[in-house]
Amino acid sequence: MPKIIANDDVLVINESSTIITRNKTINLEYQLSDGDYSILILNDYDDKVTLNEKGSISNSSVKIAYLELDRYDLEQNCHIEVNKDSSLQVNTTYLGTGNKKIVFDLFNNEPNSLIDINNNIVCLEDALFELECIGTIRKGAKRSKCHQSSHCLTIDNPRKASVLPVLNIDENDVEASHSLSSGTIDEEILFYMNSRGLNKKEALNLILRSYLMPNDNYYAEFDEGTLIQEMAVRKVDEICSM
Amino acid sequence: MVIIMNILEIKDLHVNVAEKEILKGVDLVVKQGEIHAIMGPNGNGKSTLLQTIMGHPSYTVTSGSITFNGEDVLQMSVDERSRKGLFLAMQYPKEIAGVTNSDFLRAAINSRLEKNISLFKFIKEMESNISKLKMKEDLAHRFVNDGFSGGEKKRNEILQMMMLHPSIAMLDEIDSGLDVDAIKLVSDAILELKEKSDLGLMIVSHYERFFTMIKPTHSHVIVDGRIVVEGDDELVYKIDNDGYDWLYDELKIQPVKESRPLVYSLGTCARNPRGKNA
Ligand SMILES: Nc1ncnc2c1ncn2[C@@H]1O[C@H](COP(=O)(O)OP(=O)(O)OP(=O)(O)O)[C@@H](O)[C@H]1O
Ligand SMILES: [Mg+2]
(Lines give C-alpha, C1' and ligand atoms only; values in the text may rest on other atoms or scores of the structure.)
(Ligands and ions follow the chains in the order given, each with its own letter.)
Protein backbone atom coordinates (compact mmCIF):
# COMPACT_ATOMS: atom_id res chain seq x y z
CA MET A 1 0.00 0.00 0.00
CA PRO A 2 1.70 3.24 -1.07
CA LYS A 3 2.39 5.95 1.40
CA ILE A 4 1.78 9.34 -0.09
CA ILE A 5 3.23 12.39 1.53
CA ALA A 6 0.85 15.04 0.33
CA ASN A 7 3.00 17.99 -0.53
CA ASP A 8 1.06 18.98 -3.63
CA ASP A 9 -2.08 21.03 -3.80
CA VAL A 10 -3.95 18.52 -5.88
CA LEU A 11 -3.69 14.86 -5.18
CA VAL A 12 -5.37 12.23 -7.31
CA ILE A 13 -5.46 8.71 -5.92
CA ASN A 14 -6.73 5.55 -7.48
CA GLU A 15 -5.66 2.79 -5.13
CA SER A 16 -5.45 1.97 -1.43
CA SER A 17 -3.14 4.47 0.23
CA THR A 18 -1.93 6.14 3.33
CA ILE A 19 -1.94 9.86 2.88
CA ILE A 20 0.07 12.02 5.20
CA THR A 21 -0.72 15.67 4.85
CA ARG A 22 2.23 18.04 4.72
CA ASN A 23 0.74 21.05 3.05
CA LYS A 24 -1.53 23.99 3.89
CA THR A 25 -4.21 23.12 1.36
CA ILE A 26 -4.88 19.78 -0.17
CA ASN A 27 -7.46 18.96 -2.81
CA LEU A 28 -7.93 15.26 -2.78
CA GLU A 29 -9.72 13.58 -5.68
CA TYR A 30 -10.62 9.99 -6.41
CA GLN A 31 -12.90 7.80 -8.50
CA LEU A 32 -12.69 4.32 -7.10
CA SER A 33 -14.28 1.43 -8.94
CA ASP A 34 -14.38 -2.35 -9.10
CA GLY A 35 -12.38 -3.31 -6.02
CA ASP A 36 -11.68 -3.09 -2.29
CA TYR A 37 -9.87 0.00 -1.11
CA SER A 38 -8.53 1.22 2.23
CA ILE A 39 -7.48 4.79 2.66
CA LEU A 40 -5.93 6.34 5.72
CA ILE A 41 -5.63 10.08 5.99
CA LEU A 42 -3.25 11.20 8.67
CA ASN A 43 -2.78 14.86 9.39
CA ASP A 44 0.79 15.60 10.30
CA TYR A 45 1.29 19.20 9.26
CA ASP A 46 2.40 21.63 11.95
CA ASP A 47 0.04 24.41 11.04
CA LYS A 48 -3.48 24.96 9.85
CA VAL A 49 -4.63 22.56 7.12
CA THR A 50 -7.47 22.85 4.65
CA LEU A 51 -8.51 19.54 3.19
CA ASN A 52 -11.01 19.46 0.33
CA GLU A 53 -12.03 16.03 -0.73
CA LYS A 54 -14.12 14.95 -3.70
CA GLY A 55 -14.66 11.28 -4.25
CA SER A 56 -16.91 8.86 -6.02
CA ILE A 57 -17.22 5.16 -5.50
CA SER A 58 -18.69 2.59 -7.89
CA ASN A 59 -19.02 -1.14 -7.57
CA SER A 60 -16.48 -1.08 -4.72
CA SER A 61 -16.02 -1.50 -1.05
CA VAL A 62 -14.11 1.40 0.48
CA LYS A 63 -12.85 2.10 3.98
CA ILE A 64 -11.55 5.51 4.90
CA ALA A 65 -10.03 6.43 8.23
CA TYR A 66 -9.20 9.96 9.32
CA LEU A 67 -6.87 10.63 12.18
CA GLU A 68 -6.26 14.11 13.45
CA LEU A 69 -4.62 14.45 16.83
CA ASP A 70 -2.87 17.79 16.50
CA ARG A 71 -3.63 21.02 18.20
CA TYR A 72 -3.50 22.99 14.94
CA ASP A 73 -6.53 24.37 13.15
CA LEU A 74 -8.30 22.32 10.52
CA GLU A 75 -10.88 22.95 7.88
CA GLN A 76 -12.16 19.87 6.15
CA ASN A 77 -14.81 19.50 3.47
CA CYS A 78 -15.49 16.03 2.33
CA HIS A 79 -17.90 15.22 -0.50
CA ILE A 80 -18.29 11.56 -1.43
CA GLU A 81 -20.78 10.03 -3.84
CA VAL A 82 -21.52 6.36 -3.38
CA ASN A 83 -22.94 4.66 -6.45
CA LYS A 84 -24.51 1.30 -7.26
CA ASP A 85 -23.58 -1.79 -5.23
CA SER A 86 -20.92 -0.01 -3.23
CA SER A 87 -20.13 0.45 0.40
CA LEU A 88 -18.31 3.19 2.24
CA GLN A 89 -17.14 2.81 5.81
CA VAL A 90 -15.70 5.92 7.42
CA ASN A 91 -13.98 6.05 10.82
CA THR A 92 -12.88 9.40 12.13
CA THR A 93 -10.87 10.29 15.19
CA TYR A 94 -10.49 13.93 16.10
CA LEU A 95 -8.81 15.55 19.00
CA GLY A 96 -10.63 18.81 19.47
CA THR A 97 -8.16 21.48 20.36
CA GLY A 98 -7.83 24.74 18.47
CA ASN A 99 -10.23 25.62 15.75
CA LYS A 100 -11.63 22.73 13.74
CA LYS A 101 -14.49 22.85 11.28
CA ILE A 102 -15.40 19.67 9.48
CA VAL A 103 -18.17 18.90 7.03
CA PHE A 104 -18.95 15.45 5.65
CA ASP A 105 -21.34 15.44 2.73
CA LEU A 106 -22.09 11.84 1.90
CA PHE A 107 -24.45 10.74 -0.86
CA ASN A 108 -26.21 7.46 -1.48
CA ASN A 109 -26.63 8.02 -5.21
CA GLU A 110 -27.82 4.74 -6.61
CA PRO A 111 -29.48 1.50 -5.49
CA ASN A 112 -27.73 -0.72 -2.98
CA SER A 113 -25.28 1.86 -1.72
CA LEU A 114 -24.20 1.51 1.90
CA ILE A 115 -22.66 4.22 4.04
CA ASP A 116 -21.56 3.86 7.61
CA ILE A 117 -19.71 6.63 9.42
CA ASN A 118 -18.38 6.57 12.99
CA ASN A 119 -16.97 9.68 14.60
CA ASN A 120 -14.86 9.66 17.75
CA ILE A 121 -14.14 13.05 19.18
CA VAL A 122 -12.43 14.32 22.29
CA CYS A 123 -12.75 18.06 22.91
CA LEU A 124 -10.44 19.83 25.32
CA GLU A 125 -10.82 23.16 27.02
CA ASP A 126 -9.52 25.32 24.19
CA ALA A 127 -11.53 23.60 21.45
CA LEU A 128 -13.70 25.40 18.93
CA PHE A 129 -14.93 22.22 17.32
CA GLU A 130 -17.69 21.83 14.75
CA LEU A 131 -18.58 18.68 12.87
CA GLU A 132 -21.47 18.51 10.50
CA CYS A 133 -22.28 15.14 9.07
CA ILE A 134 -24.84 15.20 6.27
CA GLY A 135 -26.16 12.00 4.76
CA THR A 136 -28.31 12.30 1.64
CA ILE A 137 -30.13 9.37 0.07
CA ARG A 138 -31.11 10.38 -3.44
CA LYS A 139 -34.32 9.40 -5.18
CA GLY A 140 -34.04 6.00 -6.80
CA ALA A 141 -31.29 4.78 -4.46
CA LYS A 142 -33.40 1.84 -3.35
CA ARG A 143 -32.23 -0.59 -0.66
CA SER A 144 -29.57 1.87 0.40
CA LYS A 145 -28.37 2.35 3.93
CA CYS A 146 -26.91 5.34 5.69
CA HIS A 147 -25.85 5.01 9.32
CA GLN A 148 -24.07 7.61 11.39
CA SER A 149 -22.83 7.39 14.92
CA SER A 150 -20.82 9.93 16.87
CA HIS A 151 -19.27 9.96 20.33
CA CYS A 152 -18.01 13.19 21.74
CA LEU A 153 -16.17 13.35 25.02
CA THR A 154 -15.74 16.81 26.46
CA ILE A 155 -13.12 17.65 29.04
CA ASP A 156 -12.93 20.79 31.18
CA ASN A 157 -15.72 22.68 29.39
CA PRO A 158 -14.55 23.26 25.82
CA ARG A 159 -15.36 26.63 24.26
CA LYS A 160 -17.35 24.87 21.57
CA ALA A 161 -18.03 21.22 20.84
CA SER A 162 -20.76 20.82 18.29
CA VAL A 163 -21.62 17.66 16.39
CA LEU A 164 -24.56 17.85 14.04
CA PRO A 165 -25.86 14.78 12.22
CA VAL A 166 -28.26 15.45 9.33
CA LEU A 167 -30.16 12.99 7.18
CA ASN A 168 -31.93 13.96 3.94
CA ILE A 169 -33.91 11.06 2.57
CA ASP A 170 -35.55 11.16 -0.82
CA GLU A 171 -36.36 7.48 -1.23
CA ASN A 172 -38.68 5.13 0.68
CA ASP A 173 -37.05 1.75 0.45
CA VAL A 174 -34.02 2.57 2.61
CA GLU A 175 -32.49 2.27 6.08
CA ALA A 176 -31.06 5.30 7.87
CA SER A 177 -30.09 6.15 11.40
CA HIS A 178 -27.95 8.41 13.46
CA SER A 179 -26.86 8.30 17.06
CA LEU A 180 -24.96 10.85 19.03
CA SER A 181 -23.63 10.45 22.52
CA SER A 182 -21.74 13.16 24.24
CA GLY A 183 -20.72 13.80 27.76
CA THR A 184 -17.90 14.43 30.09
CA ILE A 185 -16.10 12.02 32.38
CA ASP A 186 -18.44 10.74 35.04
CA GLU A 187 -17.50 11.92 38.55
CA GLU A 188 -18.20 8.48 39.96
CA ILE A 189 -15.89 6.84 37.44
CA LEU A 190 -13.20 9.34 38.29
CA PHE A 191 -13.65 8.58 42.01
CA TYR A 192 -13.44 4.88 41.27
CA MET A 193 -10.18 5.34 39.37
CA ASN A 194 -8.78 7.70 42.02
CA SER A 195 -9.62 5.16 44.69
CA ARG A 196 -7.24 2.73 42.98
CA GLY A 197 -4.38 5.22 43.18
CA LEU A 198 -4.65 6.99 39.82
CA ASN A 199 -4.57 10.77 39.93
CA LYS A 200 -6.75 12.82 37.61
CA LYS A 201 -4.18 12.94 34.81
CA GLU A 202 -3.43 9.23 34.99
CA ALA A 203 -7.15 8.46 34.90
CA LEU A 204 -7.66 10.83 31.99
CA ASN A 205 -4.79 9.21 30.16
CA LEU A 206 -6.46 5.79 30.25
CA ILE A 207 -9.81 7.19 29.18
CA LEU A 208 -8.37 9.25 26.32
CA ARG A 209 -6.41 6.33 24.98
CA SER A 210 -9.57 4.33 24.78
CA TYR A 211 -11.31 7.17 22.97
CA LEU A 212 -8.57 7.98 20.53
CA MET A 213 -7.78 4.37 19.74
CA PRO A 214 -11.29 3.01 19.75
CA ASN A 215 -10.49 0.09 17.56
CA ASP A 216 -6.89 -1.01 17.03
CA ASN A 217 -7.99 -3.53 14.46
CA TYR A 218 -9.31 -0.83 12.26
CA TYR A 219 -5.82 0.41 11.54
CA ALA A 220 -4.15 -3.00 11.60
CA GLU A 221 -4.37 -3.42 7.84
CA PHE A 222 -2.28 -0.32 7.28
CA ASP A 223 1.48 -0.52 7.54
CA GLU A 224 1.15 2.45 9.81
CA GLY A 225 -0.93 0.51 12.35
CA THR A 226 1.69 0.50 15.06
CA LEU A 227 2.85 3.99 14.18
CA ILE A 228 -0.68 5.23 14.76
CA GLN A 229 -0.92 3.57 18.12
CA GLU A 230 2.37 5.02 19.22
CA MET A 231 1.34 8.40 17.92
CA ALA A 232 -1.94 8.30 19.81
CA VAL A 233 -0.22 7.24 23.02
CA ARG A 234 2.33 10.04 22.60
CA LYS A 235 -0.37 12.64 21.99
CA VAL A 236 -2.34 11.49 24.99
CA ASP A 237 0.76 11.60 27.18
CA GLU A 238 1.39 15.10 25.90
CA ILE A 239 -2.13 16.26 26.71
CA CYS A 240 -2.09 14.65 30.13
CA SER A 241 1.20 16.21 31.10
CA MET A 242 -0.03 19.71 30.37
CA MET B 1 14.12 -3.30 64.52
CA VAL B 2 11.36 -0.82 63.79
CA ILE B 3 7.95 -2.38 63.70
CA ILE B 4 5.51 -0.30 61.73
CA MET B 5 1.99 -0.89 62.87
CA ASN B 6 -0.72 0.12 60.43
CA ILE B 7 -3.49 1.87 62.28
CA LEU B 8 -6.58 3.71 61.08
CA GLU B 9 -8.19 5.94 63.69
CA ILE B 10 -11.56 7.59 63.36
CA LYS B 11 -12.57 10.06 66.04
CA ASP B 12 -15.99 11.65 66.59
CA LEU B 13 -16.68 11.67 62.86
CA HIS B 14 -19.63 13.73 61.66
CA VAL B 15 -20.56 13.60 57.98
CA ASN B 16 -23.13 15.39 55.88
CA VAL B 17 -24.54 14.23 52.59
CA ALA B 18 -26.53 16.78 50.63
CA GLU B 19 -26.80 19.06 53.70
CA LYS B 20 -28.15 16.24 55.85
CA GLU B 21 -26.19 14.80 58.75
CA ILE B 22 -25.73 11.05 58.20
CA LEU B 23 -22.86 10.18 60.53
CA LYS B 24 -23.33 11.65 63.98
CA GLY B 25 -20.13 10.93 65.83
CA VAL B 26 -18.34 7.69 64.92
CA ASP B 27 -15.28 6.43 66.82
CA LEU B 28 -13.40 3.44 65.50
CA VAL B 29 -9.85 2.11 65.52
CA VAL B 30 -8.72 -0.54 63.04
CA LYS B 31 -5.27 -2.07 63.29
CA GLN B 32 -3.42 -4.39 60.96
CA GLY B 33 -4.44 -8.00 61.32
CA GLU B 34 -7.85 -7.13 62.79
CA ILE B 35 -11.13 -7.95 61.12
CA HIS B 36 -13.97 -5.59 61.94
CA ALA B 37 -17.52 -6.56 61.04
CA ILE B 38 -19.77 -3.57 60.47
CA MET B 39 -23.48 -4.18 60.56
CA GLY B 40 -26.62 -2.16 60.83
CA PRO B 41 -29.98 -1.72 59.14
CA ASN B 42 -30.25 -0.33 55.60
CA GLY B 43 -29.65 3.35 55.13
CA ASN B 44 -28.06 3.99 58.53
CA GLY B 45 -24.60 5.05 57.42
CA LYS B 46 -22.35 2.02 56.79
CA SER B 47 -21.42 2.89 53.22
CA THR B 48 -21.23 6.55 54.17
CA LEU B 49 -18.51 5.71 56.70
CA LEU B 50 -16.48 3.73 54.17
CA GLN B 51 -16.90 6.21 51.32
CA THR B 52 -15.89 9.06 53.63
CA ILE B 53 -12.71 7.26 54.65
CA MET B 54 -11.88 6.80 50.95
CA GLY B 55 -12.71 10.44 50.22
CA HIS B 56 -15.80 10.39 48.00
CA PRO B 57 -16.55 14.03 47.10
CA SER B 58 -20.27 13.82 47.96
CA TYR B 59 -19.55 13.25 51.65
CA THR B 60 -18.58 16.29 53.70
CA VAL B 61 -16.83 15.86 57.02
CA THR B 62 -18.22 18.56 59.32
CA SER B 63 -16.20 17.56 62.38
CA GLY B 64 -13.98 14.85 63.79
CA SER B 65 -10.85 13.28 62.36
CA ILE B 66 -9.50 10.34 60.39
CA THR B 67 -5.83 9.47 60.64
CA PHE B 68 -3.79 6.66 59.13
CA ASN B 69 -0.51 5.91 60.89
CA GLY B 70 -0.79 9.32 62.45
CA GLU B 71 -1.23 11.19 59.18
CA ASP B 72 -4.32 13.27 58.50
CA VAL B 73 -6.34 11.34 55.93
CA LEU B 74 -8.79 14.19 55.44
CA GLN B 75 -5.99 16.30 53.96
CA MET B 76 -5.18 13.66 51.35
CA SER B 77 -6.62 13.35 47.86
CA VAL B 78 -8.46 10.13 47.07
CA ASP B 79 -5.58 8.73 45.01
CA GLU B 80 -3.11 9.57 47.77
CA ARG B 81 -5.23 7.63 50.28
CA SER B 82 -5.10 4.64 47.97
CA ARG B 83 -1.35 4.89 47.49
CA LYS B 84 -0.89 5.08 51.27
CA GLY B 85 -2.58 1.70 51.57
CA LEU B 86 -6.31 2.22 51.97
CA PHE B 87 -8.63 0.24 49.75
CA LEU B 88 -12.38 0.28 49.27
CA ALA B 89 -14.24 -2.52 47.52
CA MET B 90 -17.40 -0.72 46.55
CA GLN B 91 -20.97 -1.77 47.06
CA TYR B 92 -21.70 -0.69 43.46
CA PRO B 93 -18.49 -0.89 41.39
CA LYS B 94 -18.37 1.42 38.38
CA GLU B 95 -18.06 0.39 34.76
CA ILE B 96 -15.29 1.95 32.68
CA ALA B 97 -16.07 1.24 29.05
CA GLY B 98 -13.05 1.34 26.76
CA VAL B 99 -10.45 0.73 29.47
CA THR B 100 -9.30 -2.86 29.90
CA ASN B 101 -8.84 -4.45 33.32
CA SER B 102 -5.24 -5.06 32.45
CA ASP B 103 -4.44 -1.44 31.50
CA PHE B 104 -6.38 -0.18 34.51
CA LEU B 105 -4.66 -2.40 37.02
CA ARG B 106 -1.22 -1.92 35.56
CA ALA B 107 -1.61 1.86 35.73
CA ALA B 108 -2.91 1.54 39.29
CA ILE B 109 0.05 -0.61 40.33
CA ASN B 110 2.55 1.67 38.60
CA SER B 111 1.08 4.71 40.32
CA ARG B 112 2.44 3.35 43.60
CA LEU B 113 5.83 2.14 42.39
CA GLU B 114 9.08 3.99 41.77
CA LYS B 115 9.79 1.81 38.78
CA ASN B 116 7.04 0.32 36.61
CA ILE B 117 6.15 -3.31 37.16
CA SER B 118 7.51 -5.60 34.43
CA LEU B 119 4.90 -6.85 32.05
CA PHE B 120 5.94 -10.42 32.75
CA LYS B 121 5.54 -10.11 36.50
CA PHE B 122 2.22 -8.32 36.09
CA ILE B 123 0.74 -10.94 33.79
CA LYS B 124 1.89 -13.75 36.06
CA GLU B 125 0.33 -12.17 39.12
CA MET B 126 -2.86 -11.31 37.30
CA GLU B 127 -3.23 -14.84 35.94
CA SER B 128 -2.61 -16.43 39.29
CA ASN B 129 -5.21 -14.24 40.99
CA ILE B 130 -7.74 -14.73 38.21
CA SER B 131 -7.46 -18.46 38.63
CA LYS B 132 -7.69 -18.25 42.45
CA LEU B 133 -10.97 -16.40 42.06
CA LYS B 134 -12.07 -18.71 39.22
CA MET B 135 -12.75 -15.77 36.95
CA LYS B 136 -12.89 -15.96 33.14
CA GLU B 137 -9.49 -16.10 31.50
CA ASP B 138 -10.20 -13.27 29.08
CA LEU B 139 -10.81 -10.92 32.01
CA ALA B 140 -7.61 -8.97 31.47
CA HIS B 141 -8.77 -7.89 28.03
CA ARG B 142 -12.33 -7.03 28.95
CA PHE B 143 -13.29 -3.49 29.85
CA VAL B 144 -13.47 -2.76 33.58
CA ASN B 145 -16.78 -4.13 34.90
CA ASP B 146 -18.41 -3.49 31.53
CA GLY B 147 -21.14 -6.06 31.00
CA PHE B 148 -20.07 -7.95 34.13
CA SER B 149 -22.68 -9.79 36.16
CA GLY B 150 -23.21 -8.64 39.74
CA GLY B 151 -21.06 -11.49 41.04
CA GLU B 152 -18.27 -10.83 38.52
CA LYS B 153 -18.11 -7.20 39.57
CA LYS B 154 -17.68 -8.19 43.21
CA ARG B 155 -14.93 -10.67 42.37
CA ASN B 156 -13.24 -8.03 40.29
CA GLU B 157 -13.10 -5.77 43.36
CA ILE B 158 -11.34 -8.55 45.25
CA LEU B 159 -9.00 -9.13 42.32
CA GLN B 160 -8.02 -5.46 42.43
CA MET B 161 -7.45 -5.71 46.17
CA MET B 162 -5.18 -8.72 45.68
CA MET B 163 -3.18 -6.91 43.02
CA LEU B 164 -2.82 -3.64 44.92
CA HIS B 165 -1.76 -5.06 48.31
CA PRO B 166 -3.44 -2.53 50.62
CA SER B 167 -2.74 -2.30 54.36
CA ILE B 168 -6.33 -1.62 55.37
CA ALA B 169 -9.15 -2.84 53.13
CA MET B 170 -12.79 -1.88 53.43
CA LEU B 171 -15.26 -4.25 51.81
CA ASP B 172 -18.77 -2.95 51.28
CA GLU B 173 -21.25 -5.83 50.91
CA ILE B 174 -18.75 -7.77 48.86
CA ASP B 175 -20.77 -10.95 49.49
CA SER B 176 -24.09 -9.73 48.14
CA GLY B 177 -24.69 -11.07 44.67
CA LEU B 178 -22.22 -13.93 45.14
CA ASP B 179 -23.38 -17.53 45.12
CA VAL B 180 -22.33 -19.90 47.90
CA ASP B 181 -19.27 -21.20 46.06
CA ALA B 182 -18.12 -17.73 45.14
CA ILE B 183 -18.47 -16.55 48.75
CA LYS B 184 -16.14 -19.36 49.75
CA LEU B 185 -13.60 -18.47 47.04
CA VAL B 186 -13.68 -14.81 47.95
CA SER B 187 -13.38 -15.38 51.69
CA ASP B 188 -10.47 -17.80 51.13
CA ALA B 189 -8.74 -15.20 48.98
CA ILE B 190 -9.26 -12.52 51.63
CA LEU B 191 -7.94 -14.75 54.41
CA GLU B 192 -4.92 -15.74 52.34
CA LEU B 193 -4.07 -12.10 51.74
CA LYS B 194 -4.53 -11.37 55.41
CA GLU B 195 -2.17 -14.20 56.33
CA LYS B 196 0.44 -13.00 53.90
CA SER B 197 0.36 -9.28 54.58
CA ASP B 198 -1.35 -8.87 57.95
CA LEU B 199 -4.08 -6.88 56.27
CA GLY B 200 -6.56 -5.02 58.45
CA LEU B 201 -10.18 -5.30 57.34
CA MET B 202 -13.46 -3.46 57.74
CA ILE B 203 -16.25 -5.57 56.38
CA VAL B 204 -19.82 -4.48 55.84
CA SER B 205 -22.26 -7.30 55.35
CA HIS B 206 -25.81 -8.24 56.20
CA TYR B 207 -25.12 -11.96 56.21
CA GLU B 208 -23.82 -14.31 58.85
CA ARG B 209 -22.64 -16.82 56.25
CA PHE B 210 -19.79 -14.57 55.15
CA PHE B 211 -18.77 -13.69 58.70
CA THR B 212 -18.73 -17.35 59.70
CA MET B 213 -16.00 -17.89 57.15
CA ILE B 214 -14.10 -14.67 57.78
CA LYS B 215 -14.31 -14.82 61.61
CA PRO B 216 -14.26 -11.17 62.63
CA THR B 217 -12.20 -10.16 65.64
CA HIS B 218 -14.43 -7.14 66.33
CA SER B 219 -17.98 -6.18 65.46
CA HIS B 220 -19.90 -2.90 65.43
CA VAL B 221 -23.48 -1.98 64.74
CA ILE B 222 -24.29 1.38 63.18
CA VAL B 223 -27.74 2.79 63.81
CA ASP B 224 -28.69 6.31 62.78
CA GLY B 225 -25.10 7.36 62.16
CA ARG B 226 -23.62 6.10 65.43
CA ILE B 227 -21.96 2.91 66.56
CA VAL B 228 -24.47 1.77 69.18
CA VAL B 229 -23.01 -1.55 70.21
CA GLU B 230 -19.69 -3.34 69.79
CA GLY B 231 -18.44 -6.82 70.49
CA ASP B 232 -16.78 -9.82 68.91
CA ASP B 233 -18.18 -12.41 66.50
CA GLU B 234 -20.84 -13.47 69.04
CA LEU B 235 -22.65 -10.21 68.32
CA VAL B 236 -22.79 -11.10 64.61
CA TYR B 237 -24.53 -14.39 65.36
CA LYS B 238 -26.93 -12.80 67.82
CA ILE B 239 -28.01 -10.26 65.21
CA ASP B 240 -28.39 -12.95 62.62
CA ASN B 241 -30.72 -14.84 65.00
CA ASP B 242 -32.61 -12.03 66.68
CA GLY B 243 -32.41 -9.08 64.29
CA TYR B 244 -32.07 -5.53 65.60
CA ASP B 245 -35.31 -5.04 67.58
CA TRP B 246 -33.81 -6.06 70.91
CA LEU B 247 -31.20 -3.33 70.44
CA TYR B 248 -33.78 -0.66 69.74
CA ASP B 249 -35.70 -1.70 72.87
CA GLU B 250 -32.67 -1.96 75.12
CA LEU B 251 -31.06 1.28 73.98
CA LYS B 252 -34.32 3.12 73.33
CA ILE B 253 -33.21 4.14 69.84
CA GLN B 254 -34.85 4.24 66.44
CA PRO B 255 -33.18 3.33 63.15
CA VAL B 256 -33.41 5.62 60.15
CA LYS B 257 -36.11 4.32 57.87
CA GLU B 258 -35.02 4.12 54.27
CA SER B 259 -36.72 6.92 52.44
CA ARG B 260 -38.62 5.83 49.38
CA PRO B 261 -39.43 8.26 46.60
CA LEU B 262 -43.01 9.50 47.01
CA VAL B 263 -43.75 9.85 43.32
CA TYR B 264 -43.30 6.94 40.98
CA SER B 265 -43.30 7.54 37.27
CA LEU B 266 -45.68 5.35 35.31
CA GLY B 267 -42.72 3.62 33.70
CA THR B 268 -41.29 2.66 37.05
CA CYS B 269 -44.66 1.49 38.35
CA ALA B 270 -45.11 -0.82 35.44
CA ARG B 271 -41.77 -2.46 35.98
CA ASN B 272 -41.42 -2.34 39.75
CA PRO B 273 -43.80 -4.65 41.60
CA ARG B 274 -43.04 -2.83 44.86
CA GLY B 275 -44.23 0.38 43.26
CA LYS B 276 -47.81 -0.76 43.63
CA ASN B 277 -47.66 -0.80 47.42
CA ALA B 278 -45.74 2.42 47.73
N1 LIG C 1 -24.51 10.16 47.50
C2 LIG C 1 -25.63 10.30 48.25
N3 LIG C 1 -26.55 11.24 47.95
C4 LIG C 1 -27.65 11.39 48.72
N5 LIG C 1 -27.92 10.65 49.79
C6 LIG C 1 -27.05 9.71 50.15
C7 LIG C 1 -25.85 9.47 49.39
N8 LIG C 1 -25.17 8.48 49.98
C9 LIG C 1 -25.90 8.11 51.05
N10 LIG C 1 -27.02 8.85 51.16
C11 LIG C 1 -28.04 8.72 52.22
O12 LIG C 1 -27.38 8.54 53.44
C13 LIG C 1 -28.07 7.58 54.24
C14 LIG C 1 -27.11 6.48 54.64
O15 LIG C 1 -26.78 5.73 53.47
P16 LIG C 1 -25.68 4.59 53.44
O17 LIG C 1 -25.43 4.28 52.00
O18 LIG C 1 -24.52 4.98 54.26
O19 LIG C 1 -26.45 3.38 54.14
P20 LIG C 1 -26.00 1.88 54.41
O21 LIG C 1 -25.99 1.71 55.89
O22 LIG C 1 -24.79 1.56 53.67
O23 LIG C 1 -27.25 1.08 53.82
P24 LIG C 1 -27.34 -0.32 52.99
O25 LIG C 1 -27.29 -1.40 54.00
O26 LIG C 1 -28.68 -0.25 52.35
O27 LIG C 1 -26.23 -0.34 52.01
C28 LIG C 1 -29.25 7.10 53.42
O29 LIG C 1 -30.39 7.84 53.82
C30 LIG C 1 -28.88 7.46 52.02
O31 LIG C 1 -30.02 7.73 51.24
MG1 LIG D 1 -24.38 0.46 51.96
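**Exercise 1. Sort the residues lining the largest cavity by class.**

Step 1. Start with the classes: Ala, Val, Leu, Ile, Met, Phe, Trp, Tyr, Cys and Pro count as nonpolar, Asp, Glu, Lys and Arg as charged, and the others, Gly among them, as polar.

Step 2. Now list the lining: A:Thr21, A:Ile41, A:Leu42, A:Asn43, A:Val49, A:Leu51, A:Tyr66, A:Leu67, A:Glu68, A:Leu74, A:Gln76 and A:Tyr94.

Step 3. Sorting gives 8 nonpolar, 3 polar and 1 charged.

Before you go on, note that this is a predicted model, where local features need pLDDT of at least 70, side-chain atom pairs count only at pLDDT 80 or more, and totals for chains, interfaces and linings use all residues. Residues are numbered from 1 along each chain as its sequence is written, chains are lettered from A and ligands numbered from 1 in the order in which they are written, and side-chain values use heavy atoms, with hydrogens and water left out.

**Exercise 2. Find which strand gives the most to the lining of the largest cavity.**

Step 1. On a 1 Å grid over the protein atoms alone, a cavity is a set of points where a 1.4 Å probe fits but cannot get out, while a pocket is an open set with protein on both sides within 12 Å along at least five of seven lines; lining residues have an atom within 4 Å of a point.

Step 2. In chain A, strands S4 (25-43), S5 (49-68) and S6 (74-82) each supply at least two lining residues; strands are DSSP runs of E, at least two residues long, and helices runs of H or I, at least four, numbered from the N terminus.

Step 3. S5(A) gives the most, with 5 residues.

**Exercise 3. Describe the space that ligand 1 takes.**

Step 1. Ligand 1 takes the second largest pocket, judged by more than half of its atoms lying within 2 Å of the grid points.

Step 2. This pocket holds about 690 Å³ of space, the volume filled by probe spheres set on points joined across faces, edges and corners.

Step 3. Its lining has 29 residues, divided into 6 nonpolar, 12 polar and 11 charged.
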